Amino acid sequence: MERLFETPTRITSQTNTDTSTPAYEAYRILHLAFIVAPIAAGVDKFFNVLVNWEQYLPPFVNNMVGGHGHELMYAVGVIEIIAGIGVALKPKIFAYVVSVWLLLIVVNLLMIPGYYDVALRDFGLALGALALARLSHEFDR
C-alpha cells in the first residue's frame with residue numbers, strides 16, 4: 001500500500017519541467033491565487049471595502065494592544081502584502097509562511113463565536129498554500 005506522503009516517481013528533471021501536466025497547471029493556479037489573495041486582503045485592511053476586518057479580532061486581542069485593534073489591522077495588512085509578494089518571488093519559502101499565517105487566523109477565528117465557517121474556509125486555504133509549497137519544490141526553479 002502506498003503511503004500518503006510518499007514521494008512519487010518524478011516525470012521531470014531539474015532542467016526540463018513538463019509544463020503540460022495537470023500538476024504544473026495546478027501549481028500555476030495556486031501560485032497566482034496565493035499572490036493575489038494575500039495582497040488584496042492586505043491592501044483592504046487599509047480601506048475595509050471587502051469587509052470590516054476588525055470584526056475578526058477577538059476582544060481580548062484588542063485589549064492586549066491597548067484598544068488599538070484598528071492600527072493592528074494595518075500591521076496585519078502590511079504582513080499580508082509582504083507575504084503575497086514573497087509568494088511571487090520565492091514560493092518555496094513564502095507559501096509555507098502563508099500556510100502558517102492562515103492557520104494562525106484559524107486559531108484566532110475559533111476564539112470568536114459565529115465565525116467557525118470562516119475558520120473552516122481559512123483552513124482549506126491553508127491546505128491550498130501548503131499544496132503550493134510542496135508543488136513549488138518541483139516547479140519553481
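What percentage of the 141 residues of the protein chain count as buried? The share is 35%, where buried means under 20% relative accessible area with a 1.4 Å probe, protein chains only.

**View 1. Overall fold of the predicted model.** This is a predicted model, in which local features need pLDDT of at least 70 and side-chain atom pairs count only at pLDDT 80 or more, while totals for chains, interfaces and linings use all residues. Residues are numbered from 1 along each chain as its sequence is written, and side-chain values use heavy atoms, with hydrogens and water left out. The protein chain has five helices and zero strands, these being DSSP runs numbered from the N terminus (helices: H or I, at least four residues; strands: E, at least two). From the N terminus on, the order of elements is α-α-α-α-α. Among contacts (heavy atoms within 4.5 Å) with a separation of 6 or more in the protein chain, 68% join residues 24 or more positions apart.

**View 2. Helix 4 and its cover.** Helix 4 spans residues 91-110, 20 residues in total. From first C-alpha to last it reaches 28 Å, close to the 28 Å expected (1.5 Å times one less than the number of residues). Its buried residues are Pro91, Ala95, Val98, Ser99, Leu102, Val106, Asn108 and Leu109. The cover over these buried residues includes helix 1 (22-44), helix 3 (69-89) and helix 5 (116-139).

**View 3. The largest pocket.** The largest pocket holds about 830 Å³ of space. A pocket is an open set of points on a 1 Å grid over the protein atoms alone, where a 1.4 Å probe fits, with protein on both sides within 12 Å along at least five of seven lines; lining residues have an atom within 4 Å of a point. Of the 34 lining residues, Lys45, Val76, Glu80, Trp101 and Ile105 lie nearest the centre. Helix 4 gives the largest share of the lining, 10 residues. The lining has 29 nonpolar, one polar and four charged residues (nonpolar: Ala, Val, Leu, Ile, Met, Phe, Trp, Tyr, Cys and Pro; charged: Asp, Glu, Lys and Arg; polar: the others, Gly among them).

**View 4. Surroundings of serine 136.** Serine 136 lies in helix 5 and is buried, with a relative accessible area of 0%. Leaving aside neighbours within four places in sequence, serine 136 is in contact with Tyr27, Pro91 and Lys92. The C-alpha atoms of serine 136 and histidine 31 are separated by 8.6 Å, although these residues are 105 residues apart along the chain.

How values were computed:
Buried means under 20% relative accessible area, exposed over 50%, partly exposed in between (1.4 Å probe, protein chains only). Grid points are joined across faces, edges and corners, and a volume is the space filled by probe spheres set on the points.
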